[in-house]
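Hi,

Here is the structure I said I would pass on.

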Amino acid sequence: MQRSKPSRDMLRWWLPQALFALVFMAFIAVMVGMVEHNLSVRGMALDFGFLGSTARFPLSETIVPYSPSATFARALLAGLGNTVVLALVVIVLSTLLGVPLALARRSGHPLAGGVACSFIDAVRNTPLVVQLLFWYGVLTVGLPPPGKSLQPIPGIFLNDRGLYLTSFGITGTALPLLLVAVGGLVAVAVLAWRGRLHQASLVTLATVIAAAVLWVSLGLGVAPDVPHLDRYNFIGGWSFTPEFAAVVVGSVLYASGFVAEIIRAGIAAVPCGQWDACRAMGLSDRQSLRLVIVPQALRVMVPPMTSQFASILKNSTLALLVGYPDLNSVANTTMNHTGHALECVVLVAFVYLILAAAISLGMGLLERRSARWAR
Amino acid sequence: MTHTRAFLALACAVVGGALLSACSDGPTAAASGPTLAEVRARGYVRCGAGKDTTGFSAPDGHGRWLGLDVDTCRAIAVAALGDRDKARFVPLTGQQRITALLTGEIDVLPRTTTWTLQRDAGGINFTIPNYYDYTAFMTGAASGAKTLRDLDGATVCVQTGSLTEIVFADVARRNHITLHPVIFDNVQSTRQAFLAGRCDALATDQSALVALRAMKPGQRFTIIPASDDIAPLTPAVRHGDDQWFDIVKYAIEAMIVAEHLGINRTNVEAMSSSRDPVIRRFLGVEPGNGRALGLRDDFAYQIVRQVGNYAEVYDDNLGARSGLNIPRGPNRLRRDGGLMLSIGFY
């Protein structure tokens, strides 16, 4: 009896696990079998070969270079590039906007608190689709045609085709400068992540000086590229389309409401006693926030923030409504022109899964990091 | 949202189909069996439809579906079930339509879909063109553009999920001009963006441009053909059911042949007593044709009586009686210099 007890415990622990695993695998096997059977009945088969064919359709704007004579794989890659950039921009901007909103709502100041509170309620409680269409309408109907562009500052043009900025190109061999800048940036990021803020600021200074020396010694110059009106549109310079602007503005405002509430919840979750303790130790309000409250609040904030960032990623599939081509829209177009619906759905689901997993992974790192700070 | 619907439909169809076939023990899944039997058991035909394609398929103020494609669907309903009202319409965007047909959400897709090689090879079969169209650009008359070259540098609103986007890209490549596309997933957004001034031109089927121009009598527009290629808009069915493929073909053909034979809604009754063997066979007075397709022998008679011949249907939806006044052009009978062929009901 004495001897058999641990093994019986083992059995008790393993048996349900093994049974569950078996049932689960059987379920998957049956599903896969049925899907295969149904596909063959419909004369459909998973075949990703079409990805190498010419895509033929245009995309309105892409970050990854793309033309209609490129392949479907390239088109999907261009869509992926747009989705990733859009999601990153929205994640960063909505977080930046969420922090002051949360602090304003916590502040107890009647005006700041009231404004923050009504803003959060307004953006959180109206559908994102409606907000996107609203902003797109504002940007296209509200702004003048290219011939009557607004010019708030010389070199900047705003019209219903987008926002056009003067760009500055560097003339001369800029490669060494680029290398120094990138190297310095990476070093600063690594040091800051490790918490060595003093060293980080020294490296920043060193990089700036090195860049300045290189600039003078290489004899580099700056050539502005001012946008100018052609027959129909402005050409030259940097530009943002109303489609991109509408989807960014709409998504950022929408997401910032949620982000603000997550941050507020995180700060509120730190017990009052912690503030009292800080004061007793003679820390200023800013010091207590930075050294004691935020590290503890971060632990509470990271899990809901992870889901929030994942939903920002998934909400980016609404971009097509206002004409911005994201991965999902490119996949839909591909389906339409090739009939390979299943392959596209599988591919898109898989890619979004990977992207969401990457977000979770990054946030997991931050969580472990904040756990260390909080100790 | 709209495109997630296609995802959902597909996922449901595959998983649902899987479950169904597992229960019924054998390849009797919805799409594999004869569609006709399924349609008869269900009691109505499900057709893919547009939403805002005035003249082809769009609901009117009372929620009644009207249009050339709608009447094509009604003709199929008459062939399969003997009643023009036994048709239901599933509104689909350009992106969703092929997936909806592939997954069995609809029985037939009469929705301004251009017959192309890639689509044809990708799991669907095109029956017979019910309209010949061409891609064109419409621009405000104020722009002064008269030819494609004048559009160099212009921003163009295009709808995705349509052949237009490929023709659009080809036009730019072939003529060495730069066109900036702004692409939307539905007709309404595309038009609105054009009318709001987001684009200098709108690219789509010429028939749709004419319809839009008719709706905006206060404004002046120029229509510029994209090329001299013609796009056969053709109702399509899924691979795997040849009988249904034939039925759809001859339901469409019945309207064209009726025009060729001079049979219309008003005289079809009287024509039944005609001595002409061709007319007698067509109307099923001399039996055999319907039976060969698995239909009632008077299916063509019923189509003409309940829906009309091609000329009547065209007139109702696109011609003089519709207010759109689109000239028949290539959609005349071959006899009159058009492309509409009458295939023998022998």
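Which residues in α5(A) meet which residues in α6(A)? Keep in mind while looking that this is a predicted model. From α5(A) come Pro176(A), Leu177(A), Val180(A), Ala181(A), Gly184(A), Ala187(A), Val188(A), Leu191(A) and Ala192(A). They meet Leu197(A), Gln199(A), Ala200(A), Val203(A), Thr204(A), Thr207(A), Ala210(A), Ala211(A), Leu214(A), Trp215(A) and Leu218(A) in α6(A). Sorted by class, the residues of this contact come out as 16 nonpolar, four polar and no charged.

As for the geometry, α5 (residues 175-193) and α6 (residues 197-218) of chain A pack at an angle of about 175 degrees, and their axes are 9 Å apart. Angles over 145 degrees count as roughly antiparallel, so that is what α5(A) is to α6(A).

Chain A also has an open sheet of three strands, in the order β1-β2-β7, with antiparallel pairing. The edges are taken by β1 (156-159) and β7 (238-240) of chain A; each has a single partner strand, so one side of each is left without a neighbour in the sheet. On average, neighbouring strands here are turned by 15 degrees against each other, direction ignored. Between β1(A) and β2 (residues 162-165) of chain A there are four bridges, and Ile156(A) stands opposite Leu165(A) in β2(A).

Now for chain B, where I'd start with strand β8. Is β8(B) enclosed or left open by the rest of the structure? Five of the five residues of this strand (155-159) are buried, so β8(B) is largely enclosed. That holds for both faces: Thr155(B), Cys157(B) and Gln159(B) are buried on one side, and Val156(B) and Val158(B) on the other.

β8(B) has a parallel neighbour in β9 (residues 180-184) of chain B, joined to it by five bridges. Val156(B) is the residue opposite Pro181(B) in β9(B). To get from β8(B) to β9(B) the chain goes through helix α6 (residues 164-175) of chain B, a β-α-β crossover that is right-handed. β10 (residues 201-205) of chain B also runs parallel to β8(B), with three bridges between them, and there Val158(B) stands opposite Ala203(B).

Put together, these strands belong to an open sheet of five with the order β9-β8-β10-β7-β11 (chain B) and mixed pairing. At the edges stand β9 and β11 (221-225) of chain B, each with a single partner strand, so one side of each has no neighbour in the sheet. Neighbouring strands of this sheet are turned by 30 degrees against each other on average, direction ignored. The antiparallel part includes β7 (residues 135-140) of chain B, which pairs with β10(B) over five bridges; Ala136(B) faces Thr204(B) there.

Two helices pack on this sheet. α6(B) touches β7, β8, β9 and β10 of chain B, and its direction makes about 150 degrees with that of β8(B). α7 (residues 187-195) of chain B touches β8, β9 and β10 of chain B, at about 165 degrees to the direction of β8(B).

Last, the interface: 43 residues of chain A are in contact with 47 residues of chain B. The elements giving two or more residues to chain A's side are α1 (4-41), α4 (128-141), α7 (242-268), α10 (327-338) and α11 (341-374) of chain A. Of these, α10(A) gives the most, with eight residues. By class, that side has 20 nonpolar, 16 polar and seven charged residues.

Cheers

Note on methods: Residues numbered from 1 in each chain as written. Chains lettered and ligands numbered in written order. Predicted model: local features only at pLDDT ≥ 70, side-chain atom pairs only at ≥ 80, totals over all residues. Buried ≥ 20, exposed ≤ 12 C-beta atoms within 10 Å, placed from the backbone. Pairing = 2+ DSSP bridges. Right-handed = clockwise from strand over helix to strand, strands pointing away. Axes fitted to C-alpha atoms, helices over the stretch in contact; angles between N-to-C directions. Contact = placed C-beta atoms within 7 Å. Nonpolar A, V, L, I, M, F, W, Y, C, P; charged D, E, K, R; others polar. Parallel < 35°, antiparallel > 145°, perpendicular 65-115°, else oblique.
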